[in-house]
Amino acid sequence: MLSDLNNQLQKKQLWTHQEWLKLIHYSSDSASPSGYSSQVDDKNFFLSKNGNNDPKSEVFSTLESFFQTTPSGNKHAQCRFVARLAWLQKQLPFDQSQLPDVTCKDYEEWRGLVKADRVTLLFPAYHLNSPSSMFGHTLLRLDPAESEMNSDWLSYAVNFGAEVNSDDNSLFYTFKGLTGGYPGYFIVMPYFKKIQEYNRIEKRDIWEYQLNLTSEEVEKLVLHLWELKEIKFDYYFFDENCSYRLLELLEVARPQLNLTNEFVMTAIPVDTVRAVERAGLIETITYRPSQVTTLKHMIKTIPENNRPLIEQLAYNPDSSQKAPFTELTTKQQQPIIETAYKYLSYQQTNEARDPQRAKRAHQLLTLLNQYPVTESTPVPTPLYSPENGHGAKRFSFGMGENQKKRYGELSLRMAFHSLIDAENGFLRGAQINMGNIKIRVNEGGSTQLQRFDLIDIFSLTPRTRFFKPLSWRIQTGLERQLVDEKNRLSAYVTGGAGVTYPLMKNGQTYALGLFRLEGNGGFKPRIKPAVGGMLGALYHWGFSTAHLTLEGERFRADQYRVRVNYKQNFVLSQNHALEVSFKREQQHDTQFSEAGITYHYYY
């Protein structure tokens, strides 16, 4: 029997089959004798000694293992590699009755819980003031059949994430994340836990993209998920990350897809959503606002002159028995009480239970139950979902004049979004730039590195009556600074915090206190600290964004700099923009100006 199947396997050369290559996560590798190596970093995933880089030996060993009588039960290959078994049964003429009788108790129990008829790709979006959500995230949701489902709270979420050591400091965290120092695992868990995590705790809106996978494709994905249970992958923040692994899962479900090919250096979550969209996999899109987004919407629907009553009721529910609340109509009172209750619930998030707050929440709920039940106005779905934003990478070229000398400039940004970039699909007031390099060719032909932003994060979170977050900035890299009349390349770290206020409907004004540490060949000593500040105004017109800043820093020995910057970006289309900029800077008795125009292409 096995000998006959081996001959058929040899004749059909099944190890070259795309479905087999994707089941074992093989990718092309010129250093491997077979031309392939698997991206799985766990020996327990392979049944052949050389299975990690030999698709042929792995498929023969897999077939043989299904006919072995030892081990038995949950450890037998029939129980561990259910997707491989289903695929080989389809490719070769044998059925379950020809195999040793094995009972897979663990798999059958798990399969009974995870009922999947459809798959939805989820994108928990960015949230200001949350570094962990800088680039968004993707995961999958397995939904039961329509007839069995009244709510997606019965669904299961599929998440791939790094197992991080909580004792690691930020330096170790970054280093290990960039070099694959953390193991990554697939985890299947009830979806409602993910809603709590993203919607409530991390305050992130969720975009849900229902995919058009067939029932057969969904079944293949679920079977393979079981095979990946407790299987280790090396986790890399920028490429082999949560989003990349999900694309591999989709390729297992539909082997003719080649979603991972374009993500060689980076796999930014929103880019992977775009890849799924380009492959024609997305059927419908649903927006699930976070708890804080819902609360902000509820506050907005209440007339401004009544909004102080929300706070009054939240802190003293007995004020509902007094004017001015009693002077309102029932229709006006109900949403104010409901919003006050939601406001208290929001304040409770991530905090230990406060008996007094819980008592007030109970009073408000009791009061609310005295009113007729009415449906709240739903939170409007944003006009642009994240995948409709500009590309994460940016190539630019420009020209201008500095100190009365002309220059040309080329720049490349690896990720992700600046304050003045087109805001469709992004958060207003959030800037995350990484790997931004700018090369300048000066009049006369000299070429120099003008700046290199290793990381530049700017979070402008507006403060209101109900929400009082801090705004902050952290930036480090290399940039040119004029010191002793020489344009010197300086290393620096700048960070600080402050406040932002939405003084206009589409505008933000902010003030930040900053600390700077700069290494500069013109300094004695070479490295100096400085304190400074920054005032800014940001205004959005839809097709254009303007940003005006006044900033400066003061070093010891009376060294100081003051700069005024003005930038205006004009959106030409989703991935094209034109930027004009002006700068005036003063350092002691030296003053100079710079003006430029730059074309940006996002991809």
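How do the residues of the lining of the largest pocket divide into nonpolar, polar and charged? They comprise 22 nonpolar, 15 polar and twelve charged residues, where Ala, Val, Leu, Ile, Met, Phe, Trp, Tyr, Cys and Pro count as nonpolar, Asp, Glu, Lys and Arg as charged, and the others, Gly among them, as polar. This is a predicted model, in which local features need pLDDT of at least 70 and side-chain atom pairs count only at pLDDT 80 or more, while totals for chains, interfaces and linings use all residues. Residues are numbered from 1 along each chain as its sequence is written, and side-chain values use heavy atoms, with hydrogens and water left out.

**Largest pocket**
- On a 1 Å grid over the protein atoms alone, a pocket is an open set of points where a 1.4 Å probe fits, with protein on both sides within 12 Å along at least five of seven lines, whereas in a cavity the probe cannot get out; lining residues have an atom within 4 Å of a point.
- The largest pocket holds about 2,200 Å³ of space, a volume being the space filled by probe spheres set on the points, which are joined across faces, edges and corners.
- Of its 49 lining residues, Thr-293, Lys-296, Lys-300, Leu-427 and Arg-428 lie nearest the centre.
- α12 gives the most to this lining, with six residues; helices (H or I, at least four residues) and strands (E, at least two) are DSSP runs, numbered from the N terminus.

**Second largest cavity**
- The second largest cavity has a volume of about 50 Å³, and its lining has three nonpolar, five polar and two charged residues.
- Among the residues that line this cavity are Asp-421, Glu-423 and His-540.
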